[in-house]
Amino acid sequence: MRTPPHAARLVTPAMLMVGLVLATVPLWIAKVGLYPYLGVEILIWSLYALAFNLLLGTAGLPSFGHGAYFGIGAYAFGLFQFNVAANLWLCLGAACLAAAAAGGLVSLFISHRRGIYYAFMTIAFSQIFWVLAVKTHSVTGGEDGLLKIARLPADFGVAAIDLTSNTALYYFVLVVFMLGVVGLWRLTHSPFGRVLSAIRQSETRAAHLGYPVRRYKMAVFTLSAALSGLAGGLFAMAQNSAFPDVMSLHYSGIVVMMVLVGGGLVSFWGPVVGVVVYLIARDVIGAVTNAWMLWFGLLFVAIVLFKPEGIAGAVQSGRAALAPKLRRRSPPLAAAERG
Amino acid sequence: MLDLLPHLINGLTLGLLFALIALGFMLVVGVMEQINLAHGSLFALGAYIALALLSPNPPLPAGLAEWWLANPPGRRYVVAFLIAPLAVAILAIPLEFAMRRTYGKDPLYGLLLTFGAAMVIEEAIRLVWGTRDYVLPTPPAISGGFIGLDLIWSTYRFYAAAVAAGVIGLTWLLIEKTPYGAIIKAGAHDSEMVRALGIDLAKLRTLVFMLGAALAAAAGVILAPIWGIRPHMGVDAVVPAFLVIVLGGVGSFWGAVAAALMVGMVVGLAGAYASEWSLLSMYVLLVAVVSVRARGLFGKKSILEA
Amino acid sequence: MAMLEARDIHVRFGDRVVLEDISLAVEPGEFHGIMGPNGAGKTTFFNVLTGRVRPSRGTVRIGGEDVTGLSPHAIAARGVARSFQIMTLFDEFTARENVEVALPEFRARGFDGRRAAVGDPAFAAAARAVLAEVGLAEKAETVAKDLPYGDRRALEIAVALAQRPRVLCLDEPTSGLGLDGVTRLAALVAGLKGRLSIVAVEHDMEFLFGLADRISVIHWGQVVAHGLPAELRANPWVRRSNLGRLQ
C-alpha cells in the first residue's frame, strides 16, 4: 500500500512555513517600507479570499457578489457590539451567523443553477443587500457608515489580551487565519471537497452518481458566506467601522481578481498569493500612480486570457518542468488537492 | 389613479431604453455565443463620452474646442449623440478580439474575461472622471417640463422614448429588411453555414459586436439625464439586459422588446410607490424570474442553458 | 417482478410528442437492448429512466418502487447507473479517483468535511478492484483526460459498476470504438450478465444481437418491435432501419 500523500495530514509543511513566516512579519515589515496594519489587511483579505475560493476554485461557482457576506459580517459585528454584548467571541460569532443566514437564504434561490445564471443571481442579490445597507440609515448609518466599532479584547477568562495595537490585533487575526487555513485545507481534501470538485467538473455526472448536487451547492455557499462574514467581522474591528462600499460590486470584483491572479483555480494558496500581490500593488505602485488598479485589472484580464492558472499555477508548472523525476514519484494530484 | 400616469410613461420610456440595451446584448449573445458582462460598461462609456463632448471644456485641441463650443447646444447634443456610440463601437474592438480567445472554452472564462473588462473600463472611467456624480447637459428644447391634465410631465422623457423607439425601429429595419441583417441572423443561427457561404465570420462578429456596443452607448447617452452619470452605472444596464433575454429568449426581436417593456413598467411603477427603491425592483424581479423559469416566452433554447 | 419497468411513458416537448406510450420491462439479470434510428427517442427514454426528464404520462418502476419524476440523484441512489453517449468523466481526476467518487460508501460520507478522503486505503482498494474488472488496473493513477478513447469508455463502465447498481443503463457504449474496442467491451459486458440488469441503447446490431436477451425497437417515439434477437432478425422494421454492421 503506498503512503498517503501529504494532503491527508492535518497540518502540512507548507502551512507551518507560511505560519512561521507570517508570525515574524511584525518584526520586519516596517523595515521594508511597509506598515503593520498592512499585515492585518493581508490576513483578513486572505481569509476572505480563501473562503471565496471554496466556491470558485473548488466548486466552480462564480459568485460575483460575495462582498455582500463580508459586509454583512462587518455590520453584524458592529451592531452586535452596540446592541447586545461587547464580547469579542460573541460578536465574531454573530458576524459568522449573520453572513451564514444571508448566504443560506441566497443559496436557496441559486443552487439549482450554475454559470451565467448563477453569476447574475449573485450580482442581483448583492445589489439588493447593498441597497439595503445604504438606505437603512437608522440601522447601518447608510453612506456615513457604522462608526466607533471597538477592537474588543480577547478575553480567555483567565486573561484578556488588549487588541487595540495593530501588532496585537495582527497576532490575533493570524491565529484565526491559521485556524481557517487548517479547516479549509481539511475541507478541500475531505470527501466533501472531492464531491465539490466532481460537481465542478460535471454536475450531470455527479447527479447521476447519486449526489444531491443542489444540497452540496447550498452547503458550500453557506459555508463560504459564513467564513467571509467572519473575515468581515475582523475587518470591522480592524477598521473600527463598517461602510456599505465593501458590499458593492466593485469590491466583490476585487476578490474575484485577487483569487484568479494568485492562482486560485488550481492552487489552495493561490488566493493568498493574489491578496498579497494586490495589496502590495496598491501600496507600492499606488504610491507612484493612481492608475495602479487599472494595471491590476489589465493583469487580471491578461491572466484569464493567457494563464488562467495564475501565479501559483505558473510556479507549479515551473516546478514540475524543473523536476520531472520527482513528479513521477508523487503522482499528479487532482486540481482540488494541489498545495 | 391618474397620478400613476407619469410613472407609467416613465416605465414605458425605461422599457424602450432597456429594449435598446437588451437588443445590443442579444445580438452579441446570438452571433458570438458569449455573454458580455461588460455590456453595461459600454453603456456607461457612451454616457461619459457624451458628457466629455458636452462639457464646458471638451477634450479637443484648442482651436477645434473653440469652434465646437460656439455651436448651439442643440446641435452639439445631436453630434454628441451620434459620435459617442461610434466612439464606443471603436473602443469595443479590442474587447471583441479578447473574447475570441474564450470562445468555445468553459463558459466560466468568458464570464471572467468580460467581468474583468467591465472592471477595467470602470476603473478607467474613475481615473479620468473621478467618482462623483455628473449630470449630462441637455439642450433647452428637450429639457424641463410641462403641465398637462393637472400633472407635471418631463419633456425629456417623451423625447427619450421617441428616440429610443426610433433607434429600435432602425435596428429592426436593419435586421429584417437588409441583406446585412440577413447575414447577421444567419450568423446567429448557423455559423458553419455562414462560413460555407464565404462570409468572413470573424469580420461579421466584429461588426455585430460594434453594433451591439453602439446600441448600448446610445442608450447610455439617452438614459444619462434620467439616471445620472456615475462610474458603476453599467451594472444597472447589464442586469436588465440579461433579465430581458431570460424573459424574452435569445432569438426573438419582439420578444426582447416586449420583455423589456414589461421590466421597464415594473421599475417605473415601483418608482411610483417608493422612488428610492425603483431600481431594486429590477433585481428582485431578476431573482424571481430566474428562480422560476429558464426558457424565454418567445424564443428558442439559448446558449444560456449551459 | 421486473427489475425495471416502464409503462406507457409519454413525453412531449412543447407540442412535439417525443415518446408515445413506451412500455418496456427488464427482468433481473436480463440484458435488454434498445435499437432504432437517430432521433427516435432512445436517449430521451434513457433520460426518463434516469430522472433527467419527467414524462407527461406513464410510470417508471425500479424493483417495484415507483420512481417516476424523481430527480437523477434520487434514482441513482436507488441503484440505477448510467453511462453517457457523450462521455462525461471527471477529467481532472485519475481513473481511480473517478471510480472512488462513484462508490456508495464514499457517497455516504459525502458531507464529511473533516476526515481526509485522499489515501483512504479502503476506498482505493475498492476502486482498484473495479478498475481491474474493466482491465484498467495499471492505469489507475492516470488522469482521465490523458487516457486513450477506448480506456475512457472502459472507465465510464467502471464508474457505473462502482455504484453497485441493480440496473445499468448504457447509452451507445460502442460509440467511437474500433473493432478491437467493441470486442473488448462485448467481453466485459458479457461477464456482467446475470449479475445485474442491463439496458443498452445501441446502433451496433452485432454487438446488441450477440448479448441481448431481448430487444425493443423504438422508432418515431414508439416501440415498433419487441422480442428475442432471433425473432427480430426477420422483422421488417429491423431490416429497414439497419444502421448497424449486421451482415
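This is a predicted model: local features need pLDDT of at least 70, side-chain atom pairs count only at pLDDT 80 or more; totals for chains, interfaces and linings use all residues.

Student: How do you know that chain B and chain C are not in contact?

Tutor: Contact means heavy atoms within 4.5 Å. No such contact joins chain B and chain C, and their closest C-alpha atoms lie 11 Å apart. Two pairs of chains do touch, and chains A and C have the most contacts.

Student: What makes up the contact between chain C and chain A?

Tutor: Chain C gives 41 residues and chain A gives 35. On the chain C side, 17 residues are nonpolar (Ala, Val, Leu, Ile, Met, Phe, Trp, Tyr, Cys and Pro), 15 are charged (Asp, Glu, Lys and Arg) and nine are polar (the others, Gly among them).

Student: Why is the pair E100(C) and R194(A) called a salt bridge?

Tutor: The rule asks for a side-chain nitrogen of Lys or Arg within 4 Å of a carboxyl oxygen of Asp or Glu. The side chains of E100(C) and R194(A) meet at 3.1 Å, N to O, so the pair qualifies. Between chain C and chain A the count is three salt bridges, whereas between chain B and chain A it is zero.

Student: What is the buried area between chain B and chain A?

Tutor: About 3,700 Å², with carbon and sulfur atoms giving 82% of it. Buried area is the accessible area (1.4 Å probe) that two parts lose on being put together, summed over both. In chain B, L112(B), F115(B) and M119(B) lose the most area to chain A, together 15% of what that side buries.

Student: What makes strand 3 and strand 9 of chain C a pair?

Tutor: Strands are DSSP runs of E, at least two residues, numbered from the N terminus, and two of them pair if DSSP finds at least two bridges between them. Four bridges join strand 3 to strand 9 in chain C, so the two strands pair, and they run parallel.

Key
Residues are numbered from 1 along each chain as its sequence is written. Chains are lettered from A and ligands numbered from 1 in the order in which they are written. Side-chain values use heavy atoms; hydrogens and water are left out.
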